[in-house]
Amino acid sequence: MKKEKGQLIVLSGPSGVGKSTVIAELFSQRDNIYFSVSYTTRQPRTGEQDGVNYNFVDRAEFERMIAANELLEYAEYVNNYYGTSLKAIQERLDAGVDVLLDIEVQGAAKVRARCPGALFIFIIPPSFEELSRRLHRRNTDSEDVIAGRLEKAKVEFKEIPHYDYLVINDKVSGAVAEIEAILTAAECRVENRKSILTQFA
Ligand code: ADP
Ligand code: 5GP
């Protein structure tokens, strides 16, 4: 059943918790969902592709996008800008496609203020030590950057009460199953099934 309007889904969680890993697995199981490719000024990590993981831009271009009001939200995170293109997601939502944003907590707060129907999911590791282990094991950031990300994580955890759902990424398959359950529940909301109800009126 085609939806009139797509569901906007915001996924937040500390760097290294496994968001990209979980999203990749979720997308291998689900179609009709679009991953919003963010703009960032951070350098690509090994294996990351421009236009796939992020749109990599310089600070001047990012600041031009801010000034031109092209971003739904943006934030500065560990010395880099990250932001969501408004046009790219609006077109999908209007076409009835669900859109997933992988964004940090300040950006999520902006989306909460601007998009009342959005769904907010926070993803945590099974323990703080495991978060540190994952950041080290990923082997993409210097010790300084990892320390900055772990400090940031403590601040981010304080924002969890503003989210609708909390997913624990112990095993990837478990986290994906929890997100699937949340998305299915959202689809079953009465307000999302209005079109089928007309025949019973
Ligand atoms: P994020 O996108 O949240 O920054 P990544 O998806 O890059 O995190 O994952 C960080 C590291 O943790 C990667 O090396 C990834 O393979 C690993 N990882 C992700 N999920 C799990 C998990 N459930 N158990 C163990 N390792 C995981
Ligand atoms: P990373 O550098 O690990 O890819 O991302 C760092 C943080 O930036 C993560 O918490 C990620 O969710 C967040 N992020 C990625 N894209 C965006 C975006 O477009 N806007 C905001 N506000 N945060 C983003």
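**Entry 1: aromatic rings**

The model is predicted: local features need pLDDT of at least 70, side-chain atom pairs count only at pLDDT 80 or more, and totals for chains, interfaces and linings use all residues. I number residues from 1 along each chain as its sequence is written, chains are lettered from A and ligands numbered from 1 in the order in which they are written, and side-chain values use heavy atoms, with hydrogens and water left out.

I noted the rule for a pair: rings of Phe, Tyr and Trp (its six-membered ring) pair if their centres lie within 6.5 Å. Planes under 30 degrees apart count as stacked, over 60 as edge-to-face and the rest as tilted. By this rule I get eleven aromatic pairs. One of them joins phenylalanine 62 and tyrosine 74. This pair is edge-to-face, with 6.2 Å from centre to centre and 70 degrees between the planes.

Why does this pair tie together parts that are twelve residues apart in sequence? Phenylalanine 62 lies in helix 2 (residues 59-67) and tyrosine 74 lies in strand 5 (residues 71-77), so the pair links those two parts. Helices (H or I, at least four residues) and strands (E, at least two) are DSSP runs, numbered from the N terminus.

Next I checked the cover on both rings. Buried means under 20% relative accessible area, exposed means over 50%, and partly exposed is in between (1.4 Å probe, protein chains only). Phenylalanine 62 has 0% relative accessibility, so it counts as buried. Tyrosine 74 has 29%, so it counts as partly exposed.

**Entry 2: charges over rings**

I then looked for charged ends above rings. A charge sits over a ring if NZ of Lys or CZ of Arg is within 6 Å of the ring centre and within 35 degrees of the ring normal. The charged end of arginine 92 sits over the ring of tyrosine 34, 3.8 Å from its centre. Arginine 112 has its charged end over the ring of phenylalanine 120, 4.6 Å from the centre.

**Entry 3: salt bridges**

Side chains of opposite charge can pair when their charged atoms come close. I used this cut-off: a salt bridge is a side-chain nitrogen of Lys or Arg within 4 Å of a carboxyl oxygen of Asp or Glu. The structure holds 16 salt bridges.

I looked up glutamate 91 and lysine 87. Their closest N and O atoms are 3.4 Å apart. Both residues lie in helix 3 (residues 86-94), four residues apart, about one turn of the helix. Glutamate 91 is partly exposed at 43% relative accessibility, and lysine 87 is exposed at 59%.

Arginine 133 is partly exposed at 44%. Glutamate 130 is buried, with a relative accessible area of 13%.

Arginine 134 also meets glutamate 130 in a salt bridge (2.7 Å, N to O). Here the two residues are four apart in helix 5, so about one helical turn separates them. Arginine 134 is buried, and so is glutamate 130. Elsewhere, salt bridges that share partners join Arg42, Arg45, Glu48, Arg138, Asp141 and Arg149 into one network.

**Entry 4: two asparagines in loops**

I checked phi at asparagine 69. The angle is near 60 degrees, a positive value in a residue other than glycine. Asparagine 69 sits in the loop between helix 2 and strand 5. Is asparagine 69 buried or exposed? Asparagine 69 is exposed, with a relative accessible area of 65%.

Asparagine 139 has a positive phi too, about 65 degrees, although it is not a glycine. I found asparagine 139 in the loop between helix 5 (128-138) and helix 6 (143-157). At 67% relative accessibility, asparagine 139 counts as exposed.

**Entry 5: the whole protein**

I ended with the overall picture. The protein has eight helices and nine strands. Of its 201 residues, 45% count as buried. The C-alpha atoms fill a box of roughly 60 × 40 × 30 Å, taken along the principal axes.
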